Amino acid sequence: MAVQRKGVKKLNWIGFIIFLLIVLILPWLGLNSFLMTQATFAGIYAIIAVGLGMLMGYAGQISLGQAAFYGVGAYTTAVVSKTFGLSPWIGLIFAILLPALVAFIVGHTMARLSGYYLAMATLAFGIIVSVLIVEWRSVTSGASGFYGIPTIQLFGTMIKQGLPYYYFVWFFTVITVLISLNIVHSRIGRALRSIHDSEIAANSMGVNTGKYKMQIFIFSAMLAGLAGWLFAHMSYSISPGSFGLDASILFLTMVVLGGATSVWGALIGTILITAINIFVHFLGNNVSFITSDFEHVMNGLILVLVIMFMPKGLFPSLVNVFRKKTPHLVKESTT
Amino acid sequence: MGDLIQFIMTGLTIGSIYEIVALGFVTIYSVTKIINLAQGEFVMLGGMLMITFVGMGIPFVIAFILTLIMVTIIGWVLEFAVFRRVKDADPISLIILTIGIAILIRGLASIGWGKGSFRLESFTAHAPLKIFNATINIQSIWVMCIMLAVVIFLYIMMEKTILGKAFRGTSDNPVAARLMGISSVKMATLAFMLSGGLGALAGVAIAPIMFPSYDLGIMLGIKGFSAAIFGGLGSAPGAVIGGLVIGLVESLGGGYISSGLKDAITFSFVLLLLLIRPSGILGEKSVGKGGL
Amino acid sequence: MLRVENVTQSFGGIVANKDISFQIVENSIVGLIGPNGAGKSTLFNVISAIYKPTKGKIMFNGKRIDGLPPYRIATLGISRTFQNLQVFRNMSVIENVMVGYHTNSKTGMIQSALRLPRVLKEEEDVYTKCLQFVKFVGLENDIEILAGNLPLGKLRLLELARALAVKPKLLLLDEIAAGLNHNETKKMSGLIKSIKDKGITVLVVEHDMDLVMGICDSIIVLNQGEKIAEGTPYEIQQDEAVIKAYLGEEVKESVAN
């Protein structure tokens with residue numbers, strides 16, 4: 001909403017503060033190193049999910065190849081910081097710009113597609129990039145993985161894995177959420193939503209749908225690139241397996257579960273999926289037949305069940321329930 | 001010359017499989033306007049079940065029939081339990097749904113069969129043929145014959161039988177068909193079962209050549225989908241041509257340029273196609289939820 | 001102001017508009033009528049740049065507009081409503097209208113992301129301006145209602161408000177009275193007349209003869225893809241060809257009124 005009802009605006013701020021508090025306090029609730037890593041990953045994935053959510057929920061597009069930008073970001077900074085020996089912060093600039101450039105080139109071609117054709121195009125794109133990552137061995141070291149990625153330094157101290165990196169990642173995540181919320185509650189957000197609801201009417205009202213679809217596509221690519229940067233410098237090494245179709249589908253699941261039409265939805269979806277995966281992991285430790293493949297089964301099941309019973313996702317559905325129970329915050333029509 | 005023939009034969013073989021998968025896509029799409037991205041999983045199941053049954057000592061022909069029946073039933077279950085309830089969803093939700101089903105099936109397969117790949121004996125034990133310096137695996141001939149048989153079978157069914165006409169009627173004009181008493185639900189069920197059967201057939205046929213494993217389905221599904229798009233969604237002849245073309249592109253690209261890059265080459269080709277003619281070479285037959 | 005020159009529009013083998021020419025004078029209300037299948041909607045879509053004409057030109061204030069993308073048309077000062085109602089269902093009434101105001105504001109993506117004070121000010125400004133349009137059509141009690149929850153009558157008003165927010169010089173109304181009852185139609189007529197008083201030129205496609213004869217300064221009649229008559233409501237009612245085209249039913253009815 002561009003201008004929110006007073007009550008809802010206050011809620012949004014409260015929600016944001018609560019979110020911030022949870023992020024700050026979480027590590028002190030006794031997380032072991034596995035959980036800390038998972039929580040850090042959640043932050044990284046959330047950045048991608050928010051971008052993908054904007055693309056899907058607002059511009060009404062779909063991307064089954066988002067992991068490609070994630071991969072480009074990660075490998076770009078790996079090459080810049082290890083192969084060329086430059087500072088990871090320079091790597092950040094390239095990790096964000098290169099996916100943006102790729103999105104710009106690819107986006108032009110995809111601008112005319114929609115529905116199944118767009119899905120296919122993004123799928124094709126994602127696969128092409130994964131193949132290139134594996135085959136371009138001189139640059140990426142191929143399937144065996146790229147080793148020796150330096151740690152990030154901030155004012156002379158290294159940001160190591162664990163608690164410091166957790167806060168480092170979530171700093172970026174919070175900024176991402178803020179920026180995205182700003183865009184959503186703005187003229188641009190309205191334009192995007194109008195494209196989603198009726199592209200023909202949006203066009204007739206002067207909304208340059210092609211331009212906005214492109215802009216949001218580039219934005220989502222930049223976010224994925226940022227996430228790639230964060231991932232690369234967290235791990236000492238990266239390998240192509242993290243950036244393929246499975247990853248793209250994971251991000252899709254997070255967005256679908258939480259609800260594409262809402263920034264909070266994407267965030268919640270990410271946290272939920274991470275929690276579910278943690279749960280499965282623990283089950284796996286105790287019950288023999290549950291392996292990591294079970295994650296795939298869970299993902300698939302979630303996608304199927306959500307589309308069947310809650311197609312708009314968790315967050316919008318919860319908001320609807322909330323709307324019905326708090327009429328004093330909402331003015332309903334008495335037609 | 002020998003190389004070229006080799007690549008062409010490989011291309012036609014793999015293209016035949018893509019084409020059968022593409023036909024599966026087209027079958028379901030033409031009646032329900034749904035793109036079933038889990039189509040590839042039918043193929044995987046076909047291959048894996050066949051291998052399992054044969055491994056249990058069941059005679060070849062019976063195992064084959066059992067496999068076909070099981071996968072056809074799975075197709076029926078999908079239509080009944082899932083797709084019937086989401087008929088009016090928007091295309092993007094449907095795409096996501098079928099992706100979910102594909103992952104689910106793949107995940108269950110990885111739990112059930114593990115991650116290894118398996119072998120099935122060729123249908124007939126025969127030394128490979130030698131044509132113009134190219135070595136042709138006898139199973140490839142089988143695959144191409146099966147493809148031909150499928151095409152002929154579908155043609156006869158669609159053009160000459162009442163059931164086929166009812167099917168085509170529902171796909172061309174669902175409202176009119178319903179007014180004529182043709183149940184669109186029954187047609188949808190038929191479409192899914194047919195697709196299941198076709199997929200299983202392809203899976204069994206390709207098993208001796210491709211060493212099936214739990215993740216065989218994804219790439220096949222995606223490439224089969226590309227083939228269906230190539231020919232124009234909803235067009236069966238298009239699916240046939242599309243499948244063979246994609247197979248040839250992959251084989252020739254992989255052979256002459258680089259085998260590691262073959263998927264990238266194939267999908268670049270598909271992307272190019274989508275740019276130039278998003279509605280496929282033969283054009284999309286019905287303006288359904290797909291392209292709009 | 002608007003000049004349609006020899007526009008022909010064909011789809012495959014079907015010629016929907018055949019060599020149509022006419023002019024619309026500034027600050028008037030022009031009606032476009034004709035029996036079903038006459039090609040009104042097609043011509044409408046050609047003028048609003050949804051279709052590119054197979055042959056011919058459309059000139060707007062001396063500038064050629066056929067073949068331009070639809071979003072450019074709005075910036076030039078032409079906006080429209082849709083017969084099949086293309087409201088933004090998941091957005092509120094006020095937000096729908098604010099999208100209409102899109103070309104009159106300019107905050108871009110980066111500024112929005114940073115939420116600069118300038119952006120907030122523009123938002124307030126846009127909100128206030130759009131409230132005027134909402135009030136004009138009488139929907140001020142429903143500002144926050146989601147468009148998808150509104151009944152037909154209000155949806156038509158919403159589309160009108162949204163199209164007005166573009167601040168057009170030429171407003172195209174595509175069967176805006178379709179489905180409205182007698183009172184609603186009367187109200188709509190009144191609104192359209194007020195719009196003309198504000199200096200906006202209006203082109204209406206309509207089936208409701210009362211509405212058309214009542215408010216239009218001039219009328220263009222299409223039949224089977226061709227223009228068969230043009231003139232004042234009185235002239236049209238007397239025109240042989242028009243009467244024949246409609247088989248006299250509706251036109252005679254209006255004459256009697």
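Helices, as named here, are DSSP runs of at least four residues, numbered from the N terminus. The model is predicted.

One such run is helix H3 of chain B, residues 60–82. Helix H3 gives the most to a nonpolar surface patch, with ten residues. The patch covers about 900 Å². Its members are B:Val54, B:Phe60, B:Val61, B:Ile62, B:Ile65, B:Leu66, B:Ile69, B:Ile73, B:Trp76, B:Val77 and B:Phe80. B:Ile62 lies in helix H3 of chain B. The relative accessible area of B:Ile62 is 47%. Patch residues must have over 30%, so B:Ile62 passes that cut-off with its 47%. B:Ile62 still counts as partly exposed, because the exposed class begins over 50%.

The contact between the two chains was examined next. Chain B brings 51 residues to the contact, and chain A brings 38 residues. Together, chain B and chain A bury about 3800 Å². Carbon and sulfur atoms account for 80% of that area. Of the area that chain B buries against chain A, 15% comes from B:Ile96, B:Ile103 and B:Leu275.

Three residue pairs are in polar contact between chain B and chain A, with both residues at pLDDT 80 or more. The salt bridge count between the chains is one. In a salt bridge, the side chain of B:Arg106 meets that of A:Asp246, at 2.9 Å from N to O. On the side of chain B that touches chain A, the elements giving two or more residues are H3, helix H4 (91–113), helix H9 (216–231) and helix H11 (262–276). H4(B) gives the most to this side, with 17 residues.

Notes. Residues are numbered from 1 along each chain as its sequence is written. Chains are lettered from A and ligands numbered from 1 in the order in which they are written. This is a predicted model: local features need pLDDT of at least 70, side-chain atom pairs count only at pLDDT 80 or more; totals for chains, interfaces and linings use all residues. Side-chain values use heavy atoms; hydrogens and water are left out. Patches are made of residues with over 30% relative accessible area and no salt bridge: like charges are joined within 9 Å, nonpolar side chains (Val, Leu, Ile, Met, Phe, Trp, Tyr) within 5 Å. Accessible areas come from the Shrake-Rupley method with a 1.4 Å probe; for residues, only the protein chains shown count as cover. A salt bridge is a side-chain nitrogen of Lys or Arg within 4 Å of a carboxyl oxygen of Asp or Glu. Buried means under 20% relative accessible area, exposed over 50%, partly exposed in between (1.4 Å probe, protein chains only). Contact means heavy atoms within 4.5 Å. Buried area is the accessible area (1.4 Å probe) that two parts lose on being put together, summed over both. A polar contact is a pair of N or O atoms within 3.5 Å; within protein, one must be able to donate a hydrogen and the other to accept it, and residues adjacent in sequence count only if both atoms are side-chain atoms.
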